[in-house]
Amino acid sequence: MEFVELIQTPKLDGVFLHDHTNATIEGRLCITGHHLLLSSARQENSQELWLMHKNIDCIEKKPYMVQNNVVGGLITLKCKDLRVISLRIKYAKEYLNIVSSLEALSSLNNPELEYPFFYRPMYTILEDGYTIFRPELEFAKLVSSSSCNNGIGAMNNSNVVLSPLSTLHSPCSNDHDNNIGSAGVGCEWRITNVNKDFKICPTYGSVLIVPKQITDEQIMQSAAFRDGGRFPVLSYRHENGAALLRSAQPLSIQGIKRCRADEAILNVVLGRSKKGFIVDTWGKGKSNTETDQHYSQWKKVNRSIGNISSPAAILDSFSKLMEACNDVNCTPDKWLSRLENSNWLSLVLGSLNAACVVAQCLDQEGSPVLVHGAKGLDSTLIVTSLVQIILNPDCRTVRGIQALIEREWIQAGHPFASRHRYSCYTPSQNRHKCNGATFVLFLDCIHQLYKQFPCSFEFSTQMLVLLFEHSYFSQYGTFLCDSEKERHELRVHSRTTSLWSYLNRPEVLKNFLNPMYEPNPRVIWPSVAPISLELWNELYLRWIVDQKNSEWTATQIQELITSEKELRAKAMKLRKQAAEMANEVLSMLSSNH
């Protein structure tokens, strides 16, 4: 298929644009294979509109009728970046053509027709974002901070594993598996390629970390026992050695009540600990869990992130939140009522609460934890990711959060393409059960942590907004597809550019750094009291409430901190000069005597 077949009116003059500022701009509308462009030559200092078709979530049509004939109309575009814009077109034929083109171009089903496969960066790529967070490197760092670090090497200040990574093979290696840090006393983990062809678990990556004592045959048996084949894998290893694992829930198969191989995995992880914890994040009675009889040393803990039964329920909540945010004419009481009825902040609170419970088990109890919920693709990933941000200061850095998203979301098989095909503006009857807003919920939770610990994060909340946008629509291939299997089949890594390659360029990254950052090696325990939560106005209200005051405040903070650093440097220089002058005076006095 050629894009030209879908573009019936590629260019049209005299189109009126109405945006969130209530300004009206008249200009020329152009439609390309991936973008809608509108520019005005008549108005000075007016910005061009560049809107990616994939950013369009919902198209609302309002034809103008005269004597039952269409004489133009209004096209309202509700976008996945939460913007709402309208195009007023004066002529019937062009109106109908543009509606038809935008509907077709914004709902393409072939991923190879998406913009990342056509985009070519105009800058030099300094590092390949697809290789800097390879599973072998990340898994090595996971175990290097504990008793295994003797065999794996430590990280330097640049977060680079020093040695001996030559023993860690790539996913295409012919070796069956590799021991991680076998020289390290007490190291009990290994990398396995049992899923190299994605047949054991289609949503997992090809390289996984499992207990050293567990065979690949036992892994396959455990996969057959778990929903979608998502057997327990290592997510994080705390500095005290306590392991955090994630998986899917056990399958409900008549006649099959246990899996000895699955039990063996958890018993090996248990090690010398007297007990472990299995945390169910989906809700009591909504998912299957392990039997007390066969997992007697594992305590079952229910920590549902909310009263939800599917990823679509999270999107429903997000949709209600944005309905409330966009209703600028409602009374304060009605606004508060609609905010509460959306249940969004309750989901945020539930996610933080569950993460704190898991973090306490690891940090204070020193016990291993297995987290699961339904298929292990949504609430599970929120909790395991937040736990690491709370416990591990590296995850609060720019590189650390990128590595976390790669490891716990992209490589872990969160289905971004399915979840983000539709967003909050698409009517619920037009959405699918697989659509969701799980990643948005996760980013909001990070925002809450940031607000409570504003000096502990190297990145600013603007970087979270950028991640939100690129997870829905992007010129980069980082968030494409539902799994590593699909990305491998489409050769995404060789045919597209990584978001990290762009974001980590010094001239780009400086715009997303937190000027108040002070490295904090400690655990950050957030308040989970409802009063501690804040609505993320930088995201949800940015097209509704003028953000100039917030931007001005951020600029002032940046200038004050820069000025303070300059004054500190000047003070140090003056102290040094004063000390040198004092020494000279002492030398002169001593020589006179």
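Buried means under 20% relative accessible area, exposed over 50%, and partly exposed in between, with a 1.4 Å probe and protein chains only. What I am showing is a predicted model, where local features need pLDDT of at least 70, side-chain atom pairs count only at pLDDT 80 or more, and totals for chains, interfaces and linings use all residues. Residues are numbered from 1 along each chain as its sequence is written, and side-chain values use heavy atoms, with hydrogens and water left out.

Domains to begin with. The bounds come from an automatic or database domain assignment. The protein is divided into domain 1 (3–108), domain 2 (135–143 + 187–541) and domain 3 (548–572). Taken over C-alpha atoms, the centres of domain 1 and domain 3 are separated by 42 Å.

Next, the interior. A nonpolar core here is a set of buried Ala, Val, Leu, Ile, Met, Phe, Trp, Tyr and Cys residues joined through side-chain atoms within 4.5 Å. The largest one has 117 residues, and L82, F318, W344, I405, F442, I446 and Y540 touch the most other members. Helix α8 (residues 344–363) gives the most to this core, with 14 residues. Helices are DSSP runs of H or I with at least four residues, strands are runs of E with at least two, and both are numbered from the N terminus. Domain 1 and domain 2 both give residues to the core, so it lies between them. Take Y540: leaving aside neighbours within four places in sequence, Y540 is in contact with L82, F318, L321, M322, C325, W344, V440, D444 and L535. Contact means heavy atoms within 4.5 Å. There is also a second, separate core of 28 residues, which includes I7, I31, I59 and L108.

Now salt bridges, meaning a side-chain nitrogen of Lys or Arg within 4 Å of a carboxyl oxygen of Asp or Glu. The structure holds 24 of them.

In the pair of E112 and R495, the closest N and O atoms are 2.8 Å apart. E112 lies in the loop between α1 (92–105) and α2 (135–144) and R495 in helix α15 (residues 492–495), so the pair ties together parts that are 383 residues apart in sequence. E112 is partly exposed at 33% relative accessibility, and R495 is partly exposed at 24%.

R190 pairs with D216, with 2.9 Å between the closest N and O atoms. R190 is in strand β9 (residues 189–192) and D216 in helix α4 (residues 216–225), so this bridge ties together parts 26 residues apart in sequence. Buried or exposed? R190 is buried, with a relative accessible area of 4%, and D216 is buried at 7%.

E290 lies in the loop between β13 (276–280) and β14 (298–302), and R226 in the loop between α4 and β11 (233–237), so the pair ties together parts 64 residues apart in sequence. E290 is buried at 4%, and R226 is buried at 1%. Salt bridges that share partners join R226, D262 and E290 into one network.

W552 lies in helix α19 (residues 548–592) and is exposed, with a relative accessible area of 56%.
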